[in-house]
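Morning, everyone. Please look at the screen.

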Amino acid sequence: MKLASMSTIDTTRLSIGDAHELAPLLAACAQERNRGAPRRPDEFYAELLLNDRTAEILGARLEGRLAGFAVFFDLPDMMNGRRIGQLNEMFVIQDSREQGVEKALLDAVAGEAAKRDWDNLRWLVPEKPPVARALAERFGHPGGWAAFSVAIR
């Protein structure tokens with residue numbers, strides 16, 4: 001598959017007005033991760049996420065269509081009192097993969113990291129689907145952290 005030129009991929013911070021476009025991508029992301037029946041796009045949930053007080057969401061448009069998103073956080077680094085970023089989720093819709101969208105999103109988050117003078121960017125990657133881990137291994141390196149989940153209920 002031919003890579004799209006970077007000029008056709010625009011990255012920007014998403015806002016509440018983007019909920020209609022974001023909802024199908026959130027549904028596709030959940031379906032890919034959890035398998036099972038495809039989820040229905042939920043604009044209300046997309047609005048909640050876009051209005052979250054701590055999460056920041058960047059979107060990537062390929063040829064004008066929202067093709068991917070990245071959710072990240074600005075966090076304190078308790079080891080040195082500086083700031084770090086945490087890339088919590090990155091997703092690119094299947095028909096837009098391998099066209100430079102993934103790299104454009106990572107570059108946009110890295111640009112935020114540079115502007116904010118973060119010490120580093122931690123990237124949490126789910127074990128499933130395997131494509132997520134392969135992407136992280138392609139663009140990142142092991143950071144010396146292991147992520148664990150603690151059941152609350």
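First, a definition: patches are made of residues with over 30% relative accessible area and no salt bridge, with like charges joined within 9 Å and nonpolar side chains (Val, Leu, Ile, Met, Phe, Trp, Tyr) within 5 Å. A salt bridge is a side-chain nitrogen of Lys or Arg within 4 Å of a carboxyl oxygen of Asp or Glu. Accessible areas come from the Shrake-Rupley method with a 1.4 Å probe, and for residues only the protein chains shown count as cover.

Some ground rules. This is a predicted model: local features need pLDDT of at least 70, side-chain atom pairs count only at pLDDT 80 or more, and totals for chains, interfaces and linings use all residues. Residues are numbered from 1 along each chain as its sequence is written, and side-chain values use heavy atoms, leaving out hydrogens and water.

Now the surface. Phe-44, Tyr-45 and Leu-48 make a nonpolar patch of about 350 Å². Phe-44 sits in helix α2, residues 43–50. Helices (H or I, at least four residues) and strands (E, at least two) are DSSP runs, numbered from the N terminus. Phe-44 is exposed because its relative accessibility is 57%; buried means under 20%, exposed over 50%, partly exposed in between (1.4 Å probe, protein chains only).

On to the salt bridges. There are 17 in the structure. Take Arg-13 and Glu-112, whose side chains meet at 3.4 Å, N to O. Arg-13 is in strand β1 (residues 9–13) and Glu-112 in helix α3, 99 residues apart. Is Glu-112 buried or exposed? Buried, at 11% relative accessibility. Arg-13 is partly exposed, at 38%.

Next pair: Arg-97 and Glu-32, with the closest N and O atoms 2.8 Å apart. Arg-97 lies in the loop between β4 and α3 and Glu-32 in helix α1, so this pair ties together parts 65 residues apart in sequence. Both Arg-97 and Glu-32 are buried.

Asp-74 is in strand β3 and Arg-116 in helix α3, so parts 42 residues apart in sequence are tied together. Asp-74 is partly exposed, at 25%. Arg-116 is partly exposed too, at 24%.

Now the network. Salt bridges link Arg-13, Glu-56, Asp-74, Arg-83, Glu-112, Lys-115 and Arg-116.

Last, the chain's later part. Pro-142 is in the segment after α4. Pro-142 is exposed, with a relative accessible area of 76%. Its C-alpha is 31 Å from that of Ala-23, 119 residues away in sequence.
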